[in-house]
Amino acid sequence: MYRLIFLFIFLFWAGLFQPALGHESQPGSVELVEIGEDRYRVTWKAPIYYGKPHPARLELPESWQTLGQPTERRRANDIVFERVVTIGQRGLDGSILKFPGLETTITDVYVRVKRADGSQATSVVRPTKPWTELRGERPWYETSREYLFLGFHHILLGIDHLLFVLGLLLIVKNRVMLIKTITSFTVAHSVTLGIATLGYAQAPLPPLNAAIALSILFLGPEIVRVKRGQTSLTIRYPWLIAFGFGLLHGFGFASGLSTTGMPQAELPWALLCFNVGVELGQLLFVFTALGLVWAFRTLQVHWPRWVLWLPGYTVGSLGAYWTIQRTVMLIRGF
Amino acid sequence: MKRGCIQRTGALVLGVLGVIFLLPAAAFAHLVTTGMGPVYDGIGHLLLTPEDLVPVIALSLYCGMRGARAGRYAMFMLPLAWLLGGLVGLNLDLDVTIPVPALSFLLLGGLIAADANLPDQLIGPMTVMIGLLHGVFNGLVLKSGPGGPALLGIMGALFVLVALMSAFVVSLERPWTRIVVRVMGSWVAASGMLMIGWYFRGQLS
C-alpha cells in the first residue's frame with residue numbers, strides 16, 4: 001500500500017515538473033567592462049523566463065552612445081546582448097541603469113562594473129526597484145542589506161535546501177536534538193560556504209545539485225523508519241547527518257553568492273551578511289514548520305493515519321525525482 | 001529498510017560525493033532545476049497582493065474568534081475553494097471590474113469588529129464564496145503568467161497562513177486580546193469602505 005502511495009506521489013511530481021529544465025528565478029546579469037577611455041563593453045544576460053525571452057530589457061542612460069552593431073546570442077538558459085558604448089564626459093558614477101519589465105517578474109539582476117584600474121563595484125537590482133544608480137563606493141550598510149536579502153532569498157527560493165531541513169525536522173524527536181541538528185547543519189554549511197566563496201575549494205554545479213538531491217532522498221526512508229518506531233544511526237544522531245550533508249549544501253549556497261562576482265574588498269563582509277541572510281531564512285522556515293505543528297494541535301486537527309505518512313513519502317519521492325533528473329542532466333552535460 | 005539497502009544508499013551517496021570532488025569544472029552560476037518557479041510565483045502573488053492577503057488574514061482572525069472548529073474549516077476549505085475558483089478563472093475570458101476585495105474587506109472587517117456570532121452553517125458557505133471569488137480573479141491574472149502551478153503555491157500559502165492566524169486567535173485567552181482583534185477588524189472594514197468609495201468615484205468620473 002505504502003509503495004503505491006510512494007509511486008503516486010512520485011508520478012504526481014514527475015508529471016507536474018516534467019518540462020522544467022531551468023529555474024524561473026535564475027538571476028540575470030549586467031557587466032560593464034572598461035575597455036578604453038570613456039568606453040565600456042556592456043553585456044546583458046537575460047535569463048529565459050518560462051521558455052520565452054525575458055520580459056525585462058536593459059535601458060541605458062540616454063547620454064550613452066552605442067558604437068558599432070550590438071550583438072545578440074541565444075544560449076540554453078539565457079540570451080546574451082552585447083554592445084560597446086561611450087559614456088561621455090559625465091562619467092559612470094551617478095548613471096542610472098533601468099530594467100523596464102523586471103517589476104512583473106521574480107528575477108534579480110546582478111550588475112557589475114569592472115574599471116580599467118582593476119576596481120570593481122556590484123549591486124543587485126530587484127523587481128521591487130527595477131533600476132540601479134552606478135556608484136564606485138557604497139556605504140557598508142547598503143552592501144550589508146543587499147547581501148543579507150540575497151542570502152535570505154537564496155534559501156527561501158531553494159526548495160531543495162528547505163526540503164532537507166524539513167526532513168531533519170521530521171526525524172528529530174525533542175527540542176535539544178532539534179537545536180543540535182539545526183546548529184550542526186548551520187555550522188557545516190557555513191564552513192563550506194566560506195571556503196568556497198574565498199576560493200579555497202570549488203564544487204562543480206551539476207554533480208553538486210545531484211548530490212543535494214540525493215541528500216533529500218536519503219532522508220525519505222529515515223522519516224518512514226521514525227514513523228514505524230524503528231531506529232538507525234541517522235535517527236539516533238541526526239546532527240551527524242545534518243553536518244555531513246550540510247557541507248554539501250554550503251557549496252550550493254556558495255554558488256548563489258559567487259554569481260555576483262563581488263569585489264575582493266567586499267568579500268568577507270558580503271559573505272558574512274549572505275550567511276546571516278541564509279540563517280534568517282532557515283530560521284523563518286523552521287519556526288513556520290514548528291508553528292504549523294502547534295497550530296494543528298491548537299485547532300484540534302486529527303489527521304487520518306495515511307496523512308502522517310505523507311511527509312516522509314513526499315520528501316523521499318521528490319528527492320528521488322530530482323536525483324534522477326539531475327543525474328540525467330549531468331550525464332547529458334547540461 | 002534493510003541494513004543492506006541502507007548500505008547501498010550510503011555507497012551511492014559516497015559515490016556521488018566522490019564524483020563531485022573528482023570533476024574539475026568550476027561553478028559559475030546557480031541553476032536549481034526544481035521547476036518550482038511558478039509555485040513560488042503563486043506564493044509571492046498572495047503575499048504581495050494586499051487585496052488578497054488582507055481578506056485571508058481577516059477571515060483567519062474571524063474564524064479564530066469563532067473557535068477551533070471554524071478555524072479548521074477555513075484552513076481546509078478556503079484553499080480548496082480558491083483553487084477551484086482559480087481553475088475556473090484560468091479558463092475564463094472575462095473583463096469585468098467588480099470590487100471583490102473591497103467587499104471582502106468590508107464584510108470580514110465588519111464581522112470581526114462586531115464580533116458577530118454567525119452560525120457554522122453560514123461561516124462555511126461564506127468561506128467557500130470568498131475563496132471562489134478571489135480564486136477566479138487570481139486565475140484571470142495568472143493566465144498570462146505562471147498559470148496553474150501558481151495556484152498550488154497560493155493554496156499552500158493560504159493553508160499555512162490560515163492555520164497560523166486562526167490558531168493564534170484561538171489561543172488568545174485574555175479578554176483584552178479579543179478587543180485588539182476587533183480593532184484590527186475595524187481597520188480592515190474602514191479600508192474596505194475607502195476602497196469602495198474610490199471604486200465608485202472612478203466609475204462616476
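The model is predicted, with local features reported at pLDDT of at least 70, side-chain atom pairs counted only at pLDDT 80 or more, and totals for chains, interfaces and linings using all residues. Residues are numbered from 1 along each chain as its sequence is written, while chains are lettered from A and ligands numbered from 1 in the order in which they are written.

In chain B, helix 3 (residues 50-65) and helix 7 (residues 148-171) have axes that come within 7 Å and cross at roughly 40 degrees. Helices here are DSSP runs of H or I with at least four residues, and strands are E runs of at least two, numbered from the N terminus; axes are lines fitted to C-alpha atoms, for helices over the stretch in contact, with angles from 0 to 180 degrees between N-to-C directions. The two helices of chain B are therefore oblique to each other, a class left for angles that are not under 35 degrees (roughly parallel), over 145 (roughly antiparallel) or 65 to 115 (roughly perpendicular).

Two residues of chain A also deserve a look. Most residues other than glycine have a negative phi. Asp38(A), in the loop between strand 1 (28-36) and strand 2 (39-47) of chain A, has a positive phi of about 65 degrees. Gln300(A), in the loop between helix 8 (267-298) and helix 9 (305-332) of chain A, has a positive phi of about 55 degrees. Asp38(A) counts as partly exposed, with 15 C-beta neighbours inside 10 Å (buried means 20 or more other C-beta atoms within 10 Å, exposed 12 or fewer, partly exposed in between, with C-beta atoms placed from the backbone). Gln300(A), with 13 such neighbours inside 10 Å, also counts as partly exposed.
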